[in-house]
Amino acid sequence: MLGNLLKPEFDALIAAKDWSALRDAFSEMDPADVAEVIEDLPADESGIIFRLLPRDMAALVFEYLPPPQQTEIVGTLGREQLKNLLDEMAPDDRTRLLEELPAEVTKRLLTSLSPEELKVARNLLGYPEKSAGRYMTPEYLTIPGNLTAGEALAYVRSHGQGRETLHVLYILDEKGRLLDDVRLASLVLADPNTKATDIHDRQLVSIPATADREEFISMFEKYDRVALPVTDSQGVLVGIITVDDVLDAAEEEATEDIQRIGGMEALEAPYLDIGITGMLRKRVGWLTVLFVGQMFTATAMAHYQDAIAQAVFLSAFVPLIISSGGNSGSQATSLIIRALAVRDVELKDWWKVAVREAASGVALGVFLGLLGILRILMWPQREVVYGPHYMWVGLAVGLSVVGVVMFGTLCGSMLPFLLRRFGLDPATASAPFVATLVDVTGVVIYFTVVTTILTGRAL
């Protein structure tokens with residue numbers, strides 16, 4: 001916020017090319033505020049700013065910038081400046097940058113890293129995409145398992161500089177396997193002669209390096225930790241994930257789910273960074289499926305064309321009927337997708353949800369059906385438009401609404417459970433997909449009820 005408030009003043013200094021004043025001003029600001037100032041600058045001016053900033057501060061500012069601007073700045077820096085910048089970045093942030101850059105740029109960046117940093121980057125990039133290994137950082141502090149509390153504190157003082165977090169320390173055996181973790185506060189308060197391994201302040205929880213993003217996010221929610229250790233299949237500690245990285249991962253996960261609910265593939269990049277061709281590719285698949293689905297609606301309508309020909313007014317209620325079912329189904333699927341995501345309900349609760357949603361569907365259908373009946377009964381020219389049997393027409397419309405809304409609600413609530421049962425993402429049960437499914441069945445339900453009630457009367 002401070003960066004945005006002061007941005008006009010800095011813009012004036014940049015326009016005047018008063019680099020000395022800029023350097024002095026930036027040196028006293030928080031990196032996040034500096035990032036706000038330069039976020040909207042052209043890439044060449046951003047590159048100049050990075051040449052002004054101290055090496056360690058430039059890396060911190062870079063981590064706050066959006067990926068598109070990071071990519072632009074990378075193209076303006078010389079090899080030595082780029083090497084310094086990457087060396088100073090946190091390993092997890094550097095990995096995220098390398099994932100988002102074009103392959104050729106990533107290759108060039110990897111060759112600019114120091115041997116030690118190159119090894120770290122390659123290790124992180126070797127884990128599956130969206131796994132815990134991609135989000136972890138190796139910048140943590142471990143202590144040998146044979147130290148006392150007093151010795152461990154002395155070890156922290158001598159080895160803790162530059163670590164990602166010191167809130168939690170990790171105790172390893174001689175083979176690097178994770179024995180326990182201990183909070184720094186517990187270590188400080190313990191008797192200096194107590195073995196570090198004897199300080200049991202909470203249960204040890206670790207994340208497999210191959211755990212997917214959704215899994216480790218839920219572990220942070222469950223255990224309420226600021227950091228969790230990441231281990232390989234042998235129990236060897238390979239990194240930690242901190243809560244700031246989990247917040248980034250949770251935002252990415254929520255964004256993908258919302259995009260899928262909208263009836264498209266996840267973009268996996270900021271909206272403006274996706275080209276027109278890429279955007280079309282992400283959207284055309286689901287639109288094609290939905291379009292083909294709507295063809296069945298047209299087929300169902302054609303099947304009842306004789307009834308429509310005898311009572312043309314019946315077609316006027318088709319949008320009302322199918323939209324009621326689609327809307328109720330979209331509501332239900334959105335509620336259940338979110339409930340599954342936050343674990344308000346589990347797979348085993350499908351029967352309870354089915355009963356609740358069936359009852360809700362009937363109640364909602366009755367309410368909406370009564371509105372439909374009143375609309376027909378109170379229409380000024382009802383006998384002219386609907387004929388002498390307008391009361392029967394109202395009853396048919398009302399019962400159709402009840403049936404369609406109940407079916408839509410039940411279908412929308414059960415589809416996420418079905419997808420989860422087969423190991424798929426429930427968010428794929430998008431509102432447009434449910435609406436299309438209910439459209440077809442809604443037409444069948446409507447005309448089945450109408451022909452049953454109105455045959456021999458209006459038909």
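In helix 6 (residues 67-74), the buried residues are Gln69, Gln70, Ile73 and Val74. Here buried means under 20% relative accessible area, exposed means over 50%, and partly exposed is in between, with a 1.4 Å probe and protein chains only. Helices (H or I, at least four residues) and strands (E, at least two) are DSSP runs, numbered from the N terminus. The arc is that of the directions from the helix axis to the C-beta atoms.

This is a predicted model, in which local features need pLDDT of at least 70 and side-chain atom pairs count only at pLDDT 80 or more, while totals for chains, interfaces and linings use all residues. Residues are numbered from 1 along each chain as its sequence is written, and side-chain values use heavy atoms, with hydrogens and water left out. The pLDDT is the predictor's confidence in each residue, from 0 to 100. For the chain its mean is 79, and 85% of the residues reach 70 or more. Among the elements of the chain, the lowest mean pLDDT, 62, belongs to helix 1 (residues 2-15), and the highest, 91, to strand 4 (residues 207-208).

An α-helix has 3.6 residues a turn, so residues three or four places apart point the same way.

Helix 15 (243-261) gives another case. It has 19 residues and reaches 27 Å from its first C-alpha to its last, close to the 27 Å expected at 1.5 Å a residue. The expected span is 1.5 Å times one less than the number of residues. Which residues of helix 15 are buried? They are Asp245, Val246, Ala249, Glu253, Glu256, Asp257 and Gln259. These residues sit on the same side of helix 15, because they cover an arc of only 165° around the axis. Leu247, Glu251 and Ile258 are exposed on the other side of helix 15. Within helix 15, Glu256 has a relative accessible area of 8% and is buried. Its C-alpha is 8.7 Å from that of Ala427, although Glu256 and Ala427 are 171 residues apart in sequence.

Rolling a probe the size of a water molecule over the atoms shows where empty space is left. On a 1 Å grid over the protein atoms alone, a cavity is a set of points where a 1.4 Å probe fits but cannot get out, and a pocket is an open set with protein on both sides within 12 Å along at least five of seven lines; lining residues have an atom within 4 Å of a point. The second largest pocket holds about 420 Å³ of space. Of the 21 residues that line this pocket, Glu253, Ala254, Asp257, Arg338 and Ala341 are the closest to its centre. Grid points are joined across faces, edges and corners, and a volume is the space filled by probe spheres set on the points.

Helix 14 (213-223), helix 15 and helix 18 (318-341) each supply at least two residues of the lining of the second largest pocket. The largest share, 6 residues, comes from helix 15. By class, the lining has 11 nonpolar, 2 polar and 8 charged residues. Ala, Val, Leu, Ile, Met, Phe, Trp, Tyr, Cys and Pro count as nonpolar, Asp, Glu, Lys and Arg as charged, and the others, Gly among them, as polar.

Asp224 is exposed, with a relative accessible area of 70%. Its phi is near 55°, a positive value in a residue other than glycine. Pro229, in strand 5, is buried, with a relative accessible area of 0%. Pro229 and Asp181 are 48 residues apart in sequence, and their C-alpha atoms are 8.6 Å apart in space.

Two further pairs remain. Ile376 lies in helix 19 (residues 350-377) and is buried, with a relative accessible area of 0%. From C-alpha to C-alpha, Ile376 and Met391 are 7.9 Å apart in space, and they are 15 residues apart in sequence. Leu399, in helix 21 (residues 390-421), is partly exposed, with a relative accessible area of 43%. The C-alpha atoms of Leu399 and Val366 are separated by 7.9 Å, with the two residues 33 apart along the chain.
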